[in-house]
Structures are given as structure tokens and as C-alpha cells.
Amino acid sequence: MNERSDIIETYLDELLAGLVGEAGAVRRMLTETEAHLYSDVEQAVARGVERDDAALAAVARFGPAERVAKLWTASAPPKPMPPLTVMLRRAATQLAPLAGVGLVAIGVSGLIARAMTSLWGLRFMFAGPPGTTYPASSCRYWMSLHPHAATCANAYLAESLADGLNARYAAGFLGVVVLAVIAVRRRVRHAPLISPPMPSTALSAVAIFGAATIALAALAADAIRVSHGNGAGKWLSAAVVALIVCVSYAFAYLQSTRRRITTA
Amino acid sequence: MLGMSNEPLKGHLDLLLLQVLDHAPAHGYQVVCGLRDRSDGAFALAEGTVYPALHRLERQGLLASEWDEQGPRRRRVYRLTPQGRRSLQARRTEWTQFAVGVGAVLGATP
């Protein structure tokens, strides 16, 4: 007689949720509890008791799941700490997608910086405060790289544009590579290519990108206030992307929380 | 017989479990039934509390256990170890002395 009982299965779920300990020991406690409760039900059914009534009585005699789980957990040997390598691997698995997204975000900020340069000019993106002077040796170097520039300041701006944007594009490319490697690993393991982030990861991302948004926006505001907008664009372009990523992860966190509430 | 409170049972659960297993190896459900039958239902014990005690006694080396794969579901069958048998003997003696002492006090006229 192996008919399942919803009452007992629910009880086992509640017990499992409360058991804390080494996986094998938890599984053993659950298996023994299951055998005990179904044996009790089968005995009662054989005496003519209704199956659901028998299940309710068996569960009641076994004791509240929370109390049994607490008692078992208190007497169980402590759960062994996973080895350092396992913890590092878990951390890397959690953080790698975050790093990939962060690097891609930097690349996207390069595209936005490029667009801002077209709209508001090089000064908005990279110029220093008004009255900034440049060493002669640097000027010679920049002029050699940008011979069409009319002045040292223009050569500096052209060089800043090239350096600043190329560095961001390179970061973006690296991010794409990281995400591609993650995707290939998932495909090899037959896991979904895109999976929602764990709530803890999403929350960490909100904190990291939220802090970055505030810091970058403050630097942009400072450049607008102190340097009449010169150089504000390089901060602003990054702040916009950080804000978008922050909001996206906040949305993912809310979604995951809603899913957990729905399945609870 | 009406079930008594769990409090007096707490300190003696190990002795009772070892005693039930002294006769023959048994799985958890049989141990609980044994306790219930022998006490004539006197112990209103939450049956789930027996398993943490059995696991603890096993870790202490007083019980050994193995899976019984026969039958419709797997069961863990417990048996006394030699150390468990010695412990049972010692606890039984201790309990008898205690019970005699308590009986003597209760039986004494003021």
C-alpha cells in the first residue's frame, strides 16, 4: 500500500524546511519520518480508519514539524563548512555574470559618451577646468599623434577621446567574452542560457550599481558646477548606464521576491 | 491509561529507548510502538522526538543502525551495541536505586 497522502507530504515539506544539518543526515531523518508516518497510517487504515483521519492522527502524534525539526537540528552534528575551493567556486559562479554585465555596461557607456560628444562637443566630454595648462612635452606628444589639431588643448581632447572611448570599448568587449563563456558553460550543462539572478546577487548588484550611479552623478554635477560643464560628460555617460543596470537588477530582485511569495 | 506529561520522561527517554531495543533490533516506528505498548499508553510522547534521540544515541556509540531495504519502504533498523548494553545495565541500576529511594520517601509516614 503506497498511496501518497497530501497531509503527510505537506508535513514532510514543513519538516524538511526546518531541518538544518549535513545533507545525508537530513535525508535520513526525512526518510525515517516518512516511513514512520505511512506505517502509522497503514496500521490505522487496516483497523478501518479513514485514510485522511489516519494521516491527521499520525502527524499529530509525531508532533509539530517545527518543534521536531528544532529538536533534531539542536542535537544534530554541525553542518561542515564547505572547503575553501568550493566556496570560491560558488562565489565566482555568482559574481561572474555580475562582472560580465558590469564590463558590458562600461562598453555601453562608451557608446553613450560617443553620442554625447557628437551632441555637445569634445569639451563637455573630456576638457579640464577652464584655464588648464598642459606641459610642453605632453603637448608635443599629443600634437604628434593628432597633427590636424589646431591647438595643444584640441590635441589633448582628441587624444582623451581616443583613449577614453577605446578603454571603455575594450571593457565592453571583455564583458561580452565573459558572458559568452558563461553561456557556453550553461549550454554544456544543459542549463537555461539566461536565468534570473539569485535575490542575494540582484540585491548586491543594486547596491554596487546604485552606489556607482550616485558617485558618478556627483562627479558630473561637480564638473558642471566647478568646470562649467567641461569633462562632465565622461561621468554623466557612465552614470546613465549605471542607473539603467541598477534599475534592471532592482526589477529582477522584485520579480524573484514575488516568485518566492507565490511559490511559498 | 491517561498519558502523563512529557517532563518526567525527558530525563529517562534514553533509558527507555535502550530498554526497548534490548529485546531485538527495531526500526523507529517499532520502537515507538514498543514504548507505547509497554507503558500502556502512559507516555504522551511526541513520536518525532524519538528520532533525534535515536540518532544521538547512535553518535554516542550506544546504538548501531543500518537500512532495511525489504518491504515497501526503506527503514533504519537500530540495535544495541555492546557499549549500549553496558550503558543500559548501568542506567537500569541507577534508575532502580532512584525509584527505590523515591518510593521510600513517598512511602514514609511523616
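**Note on the two-chain predicted model**

1. In the sheet of chain B, E66(B) stands opposite V77(B), a residue of strand 3. Residues are numbered from 1 along each chain as its sequence is written, and chains are lettered from A and ligands numbered from 1 in the order in which they are written. The model is predicted: local features need pLDDT of at least 70 and side-chain atom pairs count only at pLDDT 80 or more, while totals for chains, interfaces and linings use all residues.

2. The open sheet of chain B has three strands in the order 1-3-2, with antiparallel pairing; two strands pair if DSSP finds at least two bridges between them. Strand 1 (26-27) and strand 2 (63-68) are at the edges with a single partner strand each, so one side of each has no neighbour in the sheet.

3. Six bridges join strand 2 and strand 3 of chain B in the antiparallel sense, and D68(B) has R75(B) in strand 3 as its bridge partner. These two strands form a hairpin with six residues between them, and G71(B) in the turn has a positive phi of about 90°.

4. Helix 4 of chain B lies across strand 2 and strand 3, and runs at about 120° to strand 2. Axes are lines fitted to C-alpha atoms, for helices over the stretch in contact, and angles run from 0 to 180 degrees between N-to-C directions.

5. How do the axes of helix 2 and helix 4 of chain B cross? They come within 10 Å and cross at roughly 80°. The two helices are therefore roughly perpendicular (65 to 115 degrees). L13(B), D14(B) and L17(B) of helix 2 meet V50(B), A53(B), L54(B) and L57(B) of helix 4; residues are in contact if their C-beta atoms, placed from the backbone, lie within 7 Å. By class, this contact has six nonpolar, no polar and one charged residues. Nonpolar here covers Ala, Val, Leu, Ile, Met, Phe, Trp, Tyr, Cys and Pro, charged covers Asp, Glu, Lys and Arg, and the others, Gly among them, are polar.

6. The largest nonpolar core has 37 residues, and L37(A), L17(B), L21(B) and V31(B) have the most contacts inside it. Such a core is a set of buried Ala, Val, Leu, Ile, Met, Phe, Trp, Tyr and Cys residues joined through C-beta atoms within 7 Å. Buried requires 20 or more other C-beta atoms within 10 Å, exposed 12 or fewer, and partly exposed lies in between. Helix 2 of chain B gives the most to this core, with six residues. A second, separate core of 31 residues includes V104(A), M125(A), A155(A) and L216(A).

7. Between the chains, 19 residues of chain A are in contact with 16 residues of chain B. Helix 2 of chain A gives the most to its side of this contact, with ten residues. By class, that side has eight nonpolar, seven polar and four charged residues.

8. A215(A) lies in helix 9 (residues 199-226) of chain A. With 14 C-beta neighbours inside 10 Å, A215(A) counts as partly exposed.

Methods: Two residues are in contact if their C-beta atoms, placed from the backbone, lie within 7 Å. Helices (H or I, at least four residues) and strands (E, at least two) are DSSP runs, numbered from the N terminus. Angles under 35 degrees count as roughly parallel, over 145 as roughly antiparallel, 65 to 115 as roughly perpendicular and the rest as oblique.
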